[in-house]
Amino acid sequence: MNKKESEFGLLIDYEYCTGCHSCELACAQEYNHKIGVRGIKVFEVEQQLLGGGQYVTYFPFPTETCVLCPHLTREGLDPACVKHCMAACMKYGRIRDLAEEMSKKRRMVLWSP
């Protein structure tokens, strides 16, 4: 990717990520990444709740390797991670449109390369 400002990005809804890692696998298969190289990585955070309970949150995080699958998006398709997300918690689009959607709900993150 070049250094100019990105027009497209990913909107990730952390409230609905189930931690299935299908985004990681789809990316690795799309690019034939070596073991340990990822375009997106799912982090798991365990939290202790008041009263003794536990809560697990999953955070899909695009890495510096992510280029948003230009060979797919040029054809009007979604990046591999979005296409294969089983929880449908990721969306690809214009940053301006995604930012507007993000303003309507909490626990979302907007990422662009």
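Student: What is L68 in contact with, beyond its neighbours within four places in sequence?

Tutor: L68 is in contact with F8, G9, L10, T73, P79, Y92, W111 and P113. The model is predicted. Here contact means heavy atoms within 4.5 Å. L68 also belongs to the largest nonpolar core, which has 18 residues. L68 is listed there with L10, C23, I40, C81, V82 and M90 as having the most contacts inside the core.

Student: Why is the pair of F8 and Y92 called stacked?

Tutor: Look at centres and planes. The centres are 5.5 Å apart, and the limit for a pair is 6.5 Å. The planes make 10°. F8 lies in strand β1 and Y92 in strand β4, so the pair ties together parts 84 residues apart in sequence.

Student: Is F8 buried, exposed or partly exposed, and why?

Tutor: Its relative accessible area is 28%. Buried needs under 20% and exposed over 50%, so F8 is partly exposed.

Student: What makes the pair of Y14 and F59 edge-to-face?

Tutor: The ring centres are 4.7 Å apart and the planes stand at 80°. Over 60 degrees counts as edge-to-face, so this pair qualifies. Y14 sits in the loop between β1 and α1, and F59 in strand β3.

Student: Why is Y14 called buried?

Tutor: Its relative accessible area is 13%. The cut-off is under 20%, so Y14 is buried. F59, at 27%, counts as partly exposed.

Student: How do you know that K41 lies over the face of F43?

Tutor: K41 is at 5.1 Å from the ring centre. The distance limit is 6 Å, and the direction must lie within 35 degrees of the ring normal. K41 is listed as lying over the face.

Definitions and conventions:
Residues numbered from 1 in each chain as written. Predicted model: local features only at pLDDT ≥ 70, side-chain atom pairs only at ≥ 80, totals over all residues. Heavy atoms only, no water. Core = buried A, V, L, I, M, F, W, Y, C linked by side-chain atoms within 4.5 Å. Buried < 20%, exposed > 50% of the residue type's maximum accessible area, 1.4 Å probe, protein only. Phe/Tyr/Trp six-rings, centres within 6.5 Å; stacked < 30°, edge-to-face > 60°. Helix = DSSP H or I, 4+ residues; strand = E, 2+ residues; numbered from the N terminus.
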